[in-house]
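Here is a short report for a reader meeting this structure for the first time. Keep the model in view while reading.

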Amino acid sequence: MKSILKRIFNIVFPPKCISCKEILPYYSEDLFCDKCLERWKSEKETKCRICGKAIAFCRCTPESCKGVTEMLISVAPYTSSGSVTDNIVLYAKDCKDKELFKFMAREMSEAAYAEIPSTEDVIVTYVPRSHARKNETGHDQSEYLAKYVAEIFSLKTEKIFRKRGKIQQKTLGAEERATNAESSYVMYKNAQCGVNGKTFILCDDVVTTGASLSVCAKALLSAGAERVYALTFAKTVKK
C-alpha cells in the first residue's frame, strides 16, 4: 500500500534529480538522473594531489586537525564548481530529505568500514549547525548523517555539542574560521561524563579548513576521549 501511495504522489509531484533537477520517471526511486549518476561516480575517482589516492581512500588531514583526530575519512571532493558532490552537500543543507541522508551515510560508512575499530566503546556524534539555521531549515544535516551512520555500524549516537552564534563558517576566511569555531562549539555539561575512555566518530557533511572538526575533537580529547575519527561526506580540494 505504501508503495502504491508513493507512486500516486510521484505522479502528482514528479521526483527530480537532486543535482540537476531533471524530472525522473514517476516510478523511480533513484536520487539522480543517469547523467548525474555517471558524473558522481567519476567525481569519486578524483585523486588527492598529495597522496594520489581517490578521496575515499585518502587520509590526508587539514593542518588544524593533525594531532587531534586519528584520521579524516571522506567520500568525494567538494570543489565549489557546481559538481554533483557540491549539489548534494548544498541540497542536504537546505532540504530535509531522509533518503538523501541515508545515501550519504551509506557512502560514508563504506569509506570508513575498514578503519573504524569494532568495539562497544565507539560513539557517533557530530558537528552541529546553529539553532538559527536549524530552525530556518527544520533540520541539522550532520545530525541526520550521524544518526544513519550509527545505525549502519550498530553504534550509539549522542548529541555532545551545541553551536552558539549565528555566523556561518562558509562566509569566513581560513583564519576567521578558526577564531569563530573556537568560540562557537560548546560541549553539553551532561555529556561530559560519558566521554572518558570512549572512541568517537565525529561526523560532518563537508570539511574545508577543518576548524570546526578540530575544535570539537579537542574538546572530546580534553574530556577524556580515547581517540576521535573524523568522518565527512565531502572534503574541499583545490580545482
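The side chain of Ser-74 makes a polar contact with the side chain of Thr-232, at 2.7 Å. The model is a predicted one. Ser-74 sits in the loop that links strand E1 (71–73) to strand E2 (76–78). Its relative accessible area is 1%. Buried means under 20%, so Ser-74 is buried.

Which residues does Ser-74 touch, leaving aside those up to four places away in sequence? They are Ile-55, Ala-56, Ala-111, Val-207, Thr-232, Phe-233, Ala-234 and Lys-235.

**The whole protein**

The secondary structure comes to 9 helices and 8 strands. Of the 239 residues in the protein, 49% are buried. Take the contacts between residues at least 6 apart in sequence: 71% of them join residues at least 24 apart.

**Helix H3 and its neighbours**

Helix H3 covers residues 84–94. Of its 11 residues, 8 are buried, so H3 is largely enclosed by the rest of the structure. The buried residues are Val-84, Thr-85, Asp-86, Asn-87, Ile-88, Val-89, Ala-92 and Lys-93.

Two packed helices are described by the angle between their axes and the distance between the axes.

H3 packs against helix H4 (residues 98–112) at an angle of about 130 degrees. Their axes are 10 Å apart. That angle makes H3 oblique to H4. The crossing of H3 and H4 is left-handed. From H3, the contact uses Ile-88, Tyr-91 and Ala-92. From H4, Leu-100, Phe-101, Phe-103 and Met-104 take part. By class, this contact has 7 nonpolar residues, with no polar and no charged ones.

The axes of H2 and H3 come within 8 Å and cross at roughly 105 degrees. Angles of 65 to 115 degrees count as roughly perpendicular, so H2 is roughly perpendicular to H3. H2 supplies Cys-36, Arg-39, Trp-40 and Glu-43 to the contact. H3 supplies Val-84, Thr-85 and Ile-88. The residues of this contact divide into 4 nonpolar, 1 polar and 2 charged.

Ile-88 of H3 takes part in the contact with H4 and in the contact with H2. Ile-88 is also one of the buried residues of H3.

**Loop residues**

Back to the loops. Lys-21 lies between helix H1 (2–12) and helix H2 (34–43). Its phi is near 70 degrees, a positive value in a residue other than glycine. Ser-80 is in the loop between E2 and H3. Phi of Ser-80 is near 60 degrees, again positive in a residue other than glycine. Ser-81 is found in the loop between E2 and H3 as well. The side chain of Ser-81 makes a polar contact with the side chain of Thr-79, at 2.5 Å.

| Residue | Relative accessible area | Class |
|---|---|---|
| Ser-74 | Ser-74: 1% | Ser-74: buried |
| Lys-21 | Lys-21: 39% | Lys-21: partly exposed |
| Ser-81 | Ser-81: 48% | Ser-81: partly exposed |
| Ser-80 | Ser-80: 53% | Ser-80: exposed |

Exposed means over 50%, so Ser-80, at 53%, counts as exposed. Ser-81, at 48%, counts as partly exposed.

Terms used: Residues numbered from 1 in each chain as written. Predicted model: local features only at pLDDT ≥ 70, side-chain atom pairs only at ≥ 80, totals over all residues. Heavy atoms only, no water. Axes fitted to C-alpha atoms, helices over the stretch in contact; angles between N-to-C directions. Helix = DSSP H or I, 4+ residues; strand = E, 2+ residues; numbered from the N terminus. Parallel < 35°, antiparallel > 145°, perpendicular 65-115°, else oblique. Left-handed = near helix turned anticlockwise from the far one by under 90°. Contact = heavy atoms within 4.5 Å. Nonpolar A, V, L, I, M, F, W, Y, C, P; charged D, E, K, R; others polar. Buried < 20%, exposed > 50% of the residue type's maximum accessible area, 1.4 Å probe, protein only. Polar contact = N/O pair within 3.5 Å; in protein donor to acceptor, adjacent residues only side chain to side chain.
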